[in-house]
Amino acid sequence: MAFAGKYEFEGDENYDEFVKKIGLPSDKIELGRNCKIVTEVVQNGNDFKWTQHFPGGRTTTNTFTVGKEADMETFGGKKFKATVKIEDGKLVAEFPNYRHTAEISGGKLVEISTSSGVVYKRTSKKIA
């Protein structure tokens with residue numbers, strides 16, 4: 001389960017339906033649509049530093065250890081506490097109003113967020 005690397009947004013599915021479901025304001029919805037997010041993952045065993053770089057210079061970083069509660073932030077900017085787990089080789093976190101998984105599949109970072117039956121999938125290609 002090696003996540004370390006730098007990944008660039010390649011595509012997504014169900015973005016609009018998902019972000020409306022979780023209550024993202026319309027200005028943030030527009031900013032995030034087809035946003036070329038670069039995700040940088042530093043992994044040392046079960047310790048992770050997960051940084052998302054957004055166009056315009058905004059950055060969100062979540063630092064966590066698998067199995068231990070950590071302070072986290074959603075891509076909408078809300079802060080909360082979560083315990084990241086590993087299930088079937090995927091990192092799994094319960095965000096305030098959605099469940100998020102991340103895995104490496106075919107050399108790509110695949111992230112899936114689910115809220116009330118709406119599934120959002122973001123795929124990023126490895127660039128470093």
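View 1. Grid points are joined across faces, edges and corners, and a volume is the space filled by probe spheres set on the points. The structure is a predicted model, in which local features need pLDDT of at least 70 and side-chain atom pairs count only at pLDDT 80 or more, while totals for chains, interfaces and linings use all residues. Residues are numbered from 1 along each chain as its sequence is written, and side-chain values use heavy atoms, with hydrogens and water left out. The largest pocket holds about 300 Å³ of space. Its lining is made of 16 residues, and those closest to the centre are K28, L31, G32, F54 and R58. Helices (H or I, at least four residues) and strands (E, at least two) are DSSP runs numbered from the N terminus. At least two lining residues come from each of β1 (5–13), α2 (26–32) and β11 (118–126), and α2 gives the most, with three residues. Sorted by class, the lining has ten nonpolar, two polar and four charged residues, where Ala, Val, Leu, Ile, Met, Phe, Trp, Tyr, Cys and Pro count as nonpolar, Asp, Glu, Lys and Arg as charged, and the others, Gly among them, as polar.

**View 2. Strand β1 and its pairing partners.** Two strands pair if DSSP finds at least two bridges between them. Strand β1 pairs in the antiparallel sense with β2 (residues 38–44) over four bridges, and in β2 the bridge partner of Y7 is T39. Six bridges join β1 to β11, and these strands also run antiparallel; here F9 stands opposite S124 of β11.

**View 3. Two loop residues with positive phi.** N14, which is not a glycine, has a positive phi of about 65 degrees and sits in the loop between β1 and α1 (15–21). Buried means under 20% relative accessible area, exposed over 50%, and partly exposed in between, using a 1.4 Å probe and protein chains only. N14 counts as partly exposed because its relative accessibility is 42%. D88, also not a glycine, has a positive phi of about 55 degrees and lies in the loop between β7 (85–87) and β8 (90–95), where D88 is exposed, with a relative accessible area of 79%.

**View 4. Aromatic rings.** Rings of Phe, Tyr and Trp (its six-membered ring) pair if their centres lie within 6.5 Å, and planes under 30 degrees apart count as stacked, over 60 as edge-to-face and the rest as tilted. The structure holds eight aromatic pairs. In one of them, the ring centres of Y15 and Y120 are 5.8 Å apart and the planes stand at 65 degrees, so this pair is edge-to-face. Because Y15 lies in helix α1 and Y120 in strand β11, the pair ties together parts that are 105 residues apart in sequence. Both Y15 and Y120 are buried. The rings of F95 and Y98 have centres 4.7 Å apart and planes at 15 degrees, so they are stacked. F95 counts as buried at 13% relative accessibility, and Y98 counts as buried at 6%. Ring pairs link Y15, F18, F80, F95, Y98 and Y120 into a cluster.

How values were computed
1 Å grid on protein atoms, 1.4 Å probe; cavity = no way out; pocket = protein on both sides within 12 Å on 5 of 7 lines; lining within 4 Å.
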